[in-house]
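Here is a short report for a reader meeting this structure for the first time. Look over the sequence and the model, then read on.

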Amino acid sequence: MTEDPSRPTAFVLAAGLGTRMRSRTCKVLHTAAGKPLLALVLDTVAAAGADAVVVLSRESEAARAAVPEGVPVAVQDPPLGTGDAVRVALDAAPGAAGRCYIVYGDTVLVRPETLRHLGGLLDERRAVLAILTGKVGTDNAYGRIVRGPAGDVDRIVEVRLASAEERAIPESNFGAYAADVAWLRSAVPLLAANETGEVFLTDLVAVATREGRTVAALCVEDPAEGLGVNTRADLAIADGILRRRIRLRHMEAGVTFVDPDSSLVDATVEIAPDVVVERGCVLEGRTRIGTGTRVGPYAILRDTAVGEGCRVEASVLEGATLEDGVRIGPFSHLRPGAYLERGVEMGNFGEVKASRLGAGTKMHHFSYVGDASVGRGVNIGAGTITLNYDGVHKNRTDIGDDAFIGSDTLLRAPVKVGRGATTGAGAVVTRDVPEDTVAVGMPARAIKKYVRPRKDAGPERR
Ligand code: UD1
Ligand code: CA
C-alpha cells in the first residue's frame with residue numbers, strides 16, 4: 001500500500017484479454033525493448049513518483065511475473081471493462097488518498113513527465129479528473145473526445161458506440177488519467193454497464209460533467225504517447241519507438257552509435273560514456289559495457305559484462321564477463337560462465353563456455369574451451385579442444401600459467417596441464433602433464449623437461 005501519503009497511487013490496468021494479439025502469452029507479458037509491457041509501464045509510473053497497484057485477471061495472472069515484489073496486485077474476475085477494473089483497484093487500495101494516476105498496461109510510451117503534468121492539472125484547473133488526449137486523425141479505434149460549446153471536455157465516446165459525426169472528431173483519448181481519489185471513489189460506483197456489457201472508465205468524464213465538475217485535458221503532440229499495444233503490429237511500432245528513445249538517451253550520455261537505426265539496445269542495458277557501438281549490434285538483457293570499448297560491427301551481447309577498452313567484433317557473447325582490454329572476434333562465441341581476464345585475445349571461430357581464461361591468454365583460431373580453468377599467458381594453438389563431456393559427466397580441464405598448447409591438441413577431461421608445459425601439435429592428452437614438460441603423440445607421453453624461453457616477459461614471471 002501507499003507508504004508515503006504524499007505519493008500518488010498509480011492504478012495499472014492489465015486484466016484485459018488481449019485477444020487481438022492472437023497469442024497464448026498474455027498481452028502485457030509480450031516484450032518491447034526487451035522488457036514485458038507491464039514492466040515498462042511500472043517503470044514509467046515509478047519514474048513519475050507513484051506507487052503502483054496492478055489489476056490482473058485470471059487470464060492475465062501469468063503477468064504477476066512482471067510485477068516487482070511489494071507491488072500490490074488486485075484480481076478482477078471476471079474482467080468487465082476498464083471502469084470495473086478501477087473499482088477493483090480502489091477496493092484493493094483502501095489507504096490511497098490525494099491524487100492518483102490511471103494507466104493501461106498496454107500504453108507503454110506515455111512519459112513520466114506527462115503523467116506528472118496531468119497530475120498538476122488537477123490543482124491548476126481545480127479539476128477532479130485530467131485526461132491525456134492527442135490528435136492522430138480518425139483512422140483508429142481510440143475513444144473520441146467530445147467537447148461542449150465552450151470547448152470544455154464533455155464526454156468520451158468509444159468508437160464502437162460513436163455516431164459517424166463523433167467518429168470524425170480528430171481528438172482522441174490517449175488512455176492516461178489523473179484523478180482525485182476521493183472523487184473517484186464516489187464516481188466509479190455511478191458507472192453503469194453499457195450496451196456492450198462492459199463498464200467503461202471513459203464514462204467517468206460524463207459523470208464529472210453531470211456533477212458540474214471540471215475535467216481537464218492535456219493534448220500532447222507526440223502520437224507515441226497514446227499508442228496502446230493491441231496487435232502485433234502495434235507491438236513492433238512500440239518496440240521501434242522505445243529503442244529509438246533508448247539510443248538517444250545513450251547518445252546524450254556520451255555513447256557513439258555508428259548508424260544508430262541498425263542497432264538494437266534493450267531498456268535494461270548499461271553503456272558507459274565513450275563506448276562506440278558500430279553498425280548492426282544487438283545489446284540485450286543485463287549487458288553492461290565499460291568506457292572506451294568498441295563493439296561491432298555486428299556483435300550480439302546478451303547478459304554480458306564488458307570491461308573498459310575492449311574490442312568486440314562480429315561475435316556472439318552470452319552470459320560472459322570480460323575484464324578490461326579484452327579483444328574478441330571476429331566470429332567468436334562466448335557462452336554462459338565464460339570469464340576472460342584482462343587482455344585476453346580471442347580470434348576467429350573460438351568458443352568458450354563455463355571457463356576462466358587468465359590475463360593475457362591468447363586463443364586466436366578454431367578452438368573450444370569448456371569447463372576449464374586456463375592460467376595467465378597461455379597460448380592456445382589453433383584447433384585446440386577440451387573434451388569436457390564423456391557422454392555422462394562434464395569434466396574439468398586445468399591449464400597452468402604460461403603453458404603452450406600446440407595446434408590441434410585434444411585435452412580429454414578431467415586432465416591437468418602444468419605451468420609452463422608444452423603439448424605438441426596433434427597431441428591427445430589423456431593424462432596430466434607435469435609443469436615445464438613437453439608431451440606429444442596419441443596418447444600424449446611426456447618426452448622431456450623443457451623450459452620455454454619467453455619472448456615478452458622478464459624473469460619475475462616464472
Ligand atoms: C481504451 C479506451 C479508449 C482509448 C484507448 C487508448 C476504454 C473503455 N477505452 O480502449 O478510449 O482510446 O484505450 O489506448 O477504456 N483492462 C482491464 N480490465 C478490463 C478491460 C481492460 O484491466 O476489464 C485493461 C487491459 O488489460 C488494457 C487496458 O485496460 O491494458 C485497456 O483496455 P483495452 O481493451 O486495450 O482498451 P481499448 O479498447 O484499447
Ligand atoms: Ca488498448
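## The ligand and its neighbours

Ligand 1 is surrounded by 23 residues. The closest are Q76, G81, Y104, E158 and N173. The model is a predicted one.

What kinds of residues make up the shell around ligand 1? Sorted by class, 10 are nonpolar, 9 are polar and 4 are charged. Two elements, α2 (82–92) and β10 (171–180), each give at least two residues to this shell.

## Polar contacts and cover

Oxygen atoms of ligand 1 meet polar atoms of the protein. E158, one of the closest residues, places a polar side-chain atom 2.6 Å from an oxygen atom of ligand 1. The backbone takes part too. A polar backbone atom of A15 is 2.8 Å from an oxygen atom of ligand 1. For a polar backbone atom of G105, the distance to an oxygen atom of ligand 1 is 3.3 Å.

How much of the accessible area of ligand 1 does the protein cover? On its own, ligand 1 has 760 Å² of accessible area, and the protein covers 90% of that. The space that ligand 1 takes is the largest pocket.

## Overall build

The protein has 7 helices and 40 strands. Its C-alpha atoms fill a box of roughly 100 × 40 × 40 Å, taken along the principal axes.

How does the radius of gyration compare with that of a compact globule of 462 residues? Such a globule would have a value near 23 Å, but the protein has 30 Å.

## Backbone details in loops

Most peptide bonds are trans, and most residues other than glycine have a negative phi. Some places in this model depart from that pattern.

Where are cis peptide bonds found? One joins G329 and P330, with omega about 5°. P330 belongs to the loop between β24 (327–328) and β25 (332–334). Another cis peptide bond joins M442 and P443, and its omega is about -10°. P443 lies in the loop between β39 (437–440) and β40 (445–449).

Y298 stands out by its phi, which is near 60°. That is a positive value in a residue other than glycine. Y298 also sits in a loop, the one between β18 (294–295) and β19 (300–302).

Methods:
Residues numbered from 1 in each chain as written. Chains lettered and ligands numbered in written order. Predicted model: local features only at pLDDT ≥ 70, side-chain atom pairs only at ≥ 80, totals over all residues. Heavy atoms only, no water. Near = heavy atom within 4 Å. Polar contact = N/O pair within 3.5 Å; in protein donor to acceptor, adjacent residues only side chain to side chain. Areas by Shrake-Rupley, 256 points an atom, 1.4 Å probe, with all protein chains shown as cover. 1 Å grid on protein atoms, 1.4 Å probe; cavity = no way out; pocket = protein on both sides within 12 Å on 5 of 7 lines; lining within 4 Å. Sits in = over half its atoms within 2 Å of the grid points. Helix = DSSP H or I, 4+ residues; strand = E, 2+ residues; numbered from the N terminus. Nonpolar A, V, L, I, M, F, W, Y, C, P; charged D, E, K, R; others polar. Rg over C-alpha atoms; globule rule 2.2 N^0.38 Å.
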